[in-house]
Amino acid sequence: QNQLLGSEIIAFDEKEHYVYVASDATKSYHKDKSNLVLRQFVFLQPDHFVIFDRVISTKPEYKKTWLLHTATEPVIKSDEFYADQMEGRLFCKTLFPRKARLTKIGGTGKQFWSDGQNWPMPTLNPDDWNYSSRNSILPDTEELIGQWRIEVSPNKQNSEDIFLHLIQVGDRSLQSMVKTKTVKTENMIGVRFAYGQKEYEIMFNTKDAAGGKISIHQNGIRILEENFRENVKPQKGLF
């Protein structure tokens, strides 16, 4: 990534049962290295998030890594992990790519580890960044700066890679994630799971334009089945 700006929201929708957004960040990355960086994000109220990423590099040897930062040290178990912060708990499961590598990085001396070294926060003087007007400056050890991260990468080199993750949040009484089943067709991939009285199926396009579909059943009755919106839902401001 070599540009701070350049990403674009290409689709957005919010409804009773879900919120959907698709964003294209290709222009934020160097044109000689990346042909596509596309993310689709679905929030299923109240506790689940489905994240789908499609990345196409100009060369297979350009490694792609999916990141999730956590406040405290995550615990990895097979293709999923969890991390706590105060009274909250977050679970995350890698659904695609198959046989992905999950690597934990962080802790003292590695909070900001990249390219073989740590990049600590700078020491500030009273005149720097309005330091004199602030009550305190957060130390490197502040949890919410993001002390740890999980890196997810494919087990082989590809020009085109897809990443599909399911996140579930709750308090520390949450002992495990929902059980999931991956779904794959010729041009789509997705996930099925049940939570409460609802059964969800979330599918995403693996080719061409961003898109996909969602279906929800409750007590054996279909309450929703539709394609994701292909543009930004008209918005109205406060005034």
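**Backbone exceptions and aromatic contacts**

Asp 115 is found in the loop between strand E10 (113–114) and strand E11 (117–118). Strands here are DSSP runs (E, at least two residues), numbered from the N terminus. The structure is a predicted model, in which local features need pLDDT of at least 70 and side-chain atom pairs count only at pLDDT 80 or more, while totals for chains, interfaces and linings use all residues. Residues are numbered from 1 along each chain as its sequence is written, and side-chain values use heavy atoms, with hydrogens and water left out.

Asp 115 is not a glycine, yet its phi is positive, at about 55 degrees. The residue is exposed, with a relative accessible area of 78%. Exposed means over 50% relative accessible area, buried means under 20%, and partly exposed lies in between (1.4 Å probe, protein chains only). Asn 219 also has a positive phi of about 55 degrees and is not a glycine. Its place is the loop between strand E17 (212–218) and strand E18 (221–227). Asn 219 counts as exposed, at 59% relative accessibility.

Cis peptide bonds come next. One runs from Gln 45 to Pro 46, with omega near 5 degrees. Pro 46 sits in the loop between strand E3 (34–44) and strand E4 (48–57). Another joins Phe 96 and Pro 97, and omega is about 5 degrees. The loop that holds Pro 97 is between strand E8 (88–96) and strand E9 (101–106).

Aromatic contacts were then examined. Rings of Phe, Tyr and Trp (its six-membered ring) pair if their centres lie within 6.5 Å; planes under 30 degrees apart count as stacked, over 60 as edge-to-face and the rest as tilted. By this rule there are 8 aromatic pairs. One of them, Phe 52 with Phe 204, is stacked, at 4.9 Å centre to centre and 15 degrees between the planes. This pair links distant parts of the chain: Phe 52 belongs to strand E4 and Phe 204 to strand E16 (residues 198–205), 152 residues apart. Phe 52 is buried, with a relative accessible area of 0%. Phe 204 is buried too, with a relative accessible area of 0%. Both rings belong to one aromatic cluster, formed by Tyr 18, Tyr 20, Phe 52, Phe 204 and Phe 228.

Charges over rings complete the account. A charge sits over a ring if NZ of Lys or CZ of Arg is within 6 Å of the ring centre and within 35 degrees of the ring normal. Lys 33 lies over the face of Tyr 62, 4.7 Å from the ring centre. Lys 110 has its charged end over the ring of Trp 113, at 4.8 Å from the centre.

Technical notes: Helices (H or I, at least four residues) and strands (E, at least two) are DSSP runs, numbered from the N terminus.
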